[in-house]
Amino acid sequence: MLRCFSDYVDFIIKYPFSREGMTRFKEITSERGIYINDLAESPIGKQLLQRAYEILVEAITKNSITDDPDNGEDELLAHYIAVILAAHLDKSLWRRFADVESKRFSGKLLLEDPDCIMYIAKEFGINAVRLRDLDIYNEKLALAFDVGVKFWDYLKYMPRNDPYWKLVNRYLLKGWVLITFKELTRLVEEAVEKKVLELVSKASENLDDTKPLVDALGGMRELREYRAGSMARVKVQITGLTPPCIDAIVNEIRSGGNPSHQARFAVAAYMLRRCHDIEGKPMEDCVEDVVNLFRTVADFDEKKTRYQVEHIAGLRGGHKFYMPPSCQEMNSLNLCPTNLGCGVKNPLQYTVKAIRRSQRAQKVQG
């Protein structure tokens, strides 16, 4: 038996959107005679509804979900009820909820043994095979990769807008894309996000039937007014040269954190553009600065990091010098701590404005 199945209840609570989790959800509601649309009519139902709302509120407002293991299988039910409640929110928040659920899922999966990661990947239709079981195996490849994923499955679930995942940066042999177990977990994360979005979309087809749940929660006013683009913004006075989003990522890196691939790409692209385009330094020096920044990251690999940074700088691959993501995209990725409060369209624009303001101030003082 796989280690991740050693405690079945624990497994379905950790992975509610796995095949086993979905199956058990249906079994529990049938065995206990639970009708989702009637939850507000019983004390137990109200407890489930409240827990689901707590999950949804935390996911939307804090980008996290704190587990409550004391709830047992009720915790599994609460995740599915949260999906139904999410369907009543603005569509711009569906992806935020799905993203948090998927990151919770992958964060737990990273702690499992390789067999469990492989098993769950296949549950989501990701055809992954250990490198040692493929006829393309050799010792040099085994030092860098763990598994091969079928070409079309990789394309279906690879993270978008990140050059790190582009096929030109991958080993593709006989229809297999070679990756590590950690990267396989990242593909599973994308698959979970897609699954949750599908469930929310399906739940949105029956809003009239589930409206009593929303009414029982006082209309979910706290969240229904919490719309992307209309949330309270932290207005920022442009002072320092580095925008708050980049500052936050750099601080996370320097404190030994483990920022996402999107965050790493954003800070690398920003620093390279600022160093070369604004400060006029040689690209080789700029690449070195960025590589050195990442040395404090827990999973730092100099060879891999240097290759990725050089690719972003246009020195490798398609020789495209990448721009950092726009402020809108940074906000959608939950990487903007001010919710678009800087009044600019791109992090680089913040720096340009800051430099101009500093120059004007120097002229006045002079």
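This is a predicted model: local features need pLDDT of at least 70, side-chain atom pairs count only at pLDDT 80 or more; totals for chains, interfaces and linings use all residues.
Two packed helices are described by the angle between their axes and the distance between the axes. Helix H6 spans residues 114–123, and helix H9 spans residues 181–203. Their axes come within 10 Å and cross at roughly 30 degrees. Angles under 35 degrees count as roughly parallel, so H6 is roughly parallel to H9. The crossing of H6 past H9 is left-handed. On the H6 side, Pro 114, Ile 117, Met 118, Ile 120 and Ala 121 make the contact. H9 contributes Phe 181, Leu 184, Thr 185 and Val 188. Eight residues of this H6–H9 contact are nonpolar and one is polar; none is charged.

H6 also packs on a sheet, where it touches E1 and E2. The direction of H6 makes about 155 degrees with that of E1. The sheet is open and has four strands, in the order E1-E2-E4-E3, with antiparallel pairing. Strands E1 (128–130) and E3 (172–173) lie at the edges, and each pairs on one side only. E1 and strand E2 (residues 147–150) run antiparallel and are joined by three bridges. Val 129 stands opposite Gly 148 of E2.

From H13, the contact involves Val 267, Ala 268, Met 271, Leu 272, Cys 275 and His 276. From H14, the contact involves Met 283, Cys 286, Val 287, Asp 289, Val 290 and Leu 293. The residues of the H13–H14 contact comprise ten nonpolar, one polar and one charged.

Technical notes. Residues are numbered from 1 along each chain as its sequence is written. Side-chain values use heavy atoms; hydrogens and water are left out. Axes are lines fitted to C-alpha atoms, for helices over the stretch in contact, and angles run from 0 to 180 degrees between N-to-C directions. Helices (H or I, at least four residues) and strands (E, at least two) are DSSP runs, numbered from the N terminus. Angles under 35 degrees count as roughly parallel, over 145 as roughly antiparallel, 65 to 115 as roughly perpendicular and the rest as oblique. A crossing is left-handed if the near helix is turned anticlockwise from the far one by less than a right angle, and right-handed if clockwise. Contact means heavy atoms within 4.5 Å. Ala, Val, Leu, Ile, Met, Phe, Trp, Tyr, Cys and Pro count as nonpolar, Asp, Glu, Lys and Arg as charged, and the others, Gly among them, as polar. Two strands pair if DSSP finds at least two bridges between them.
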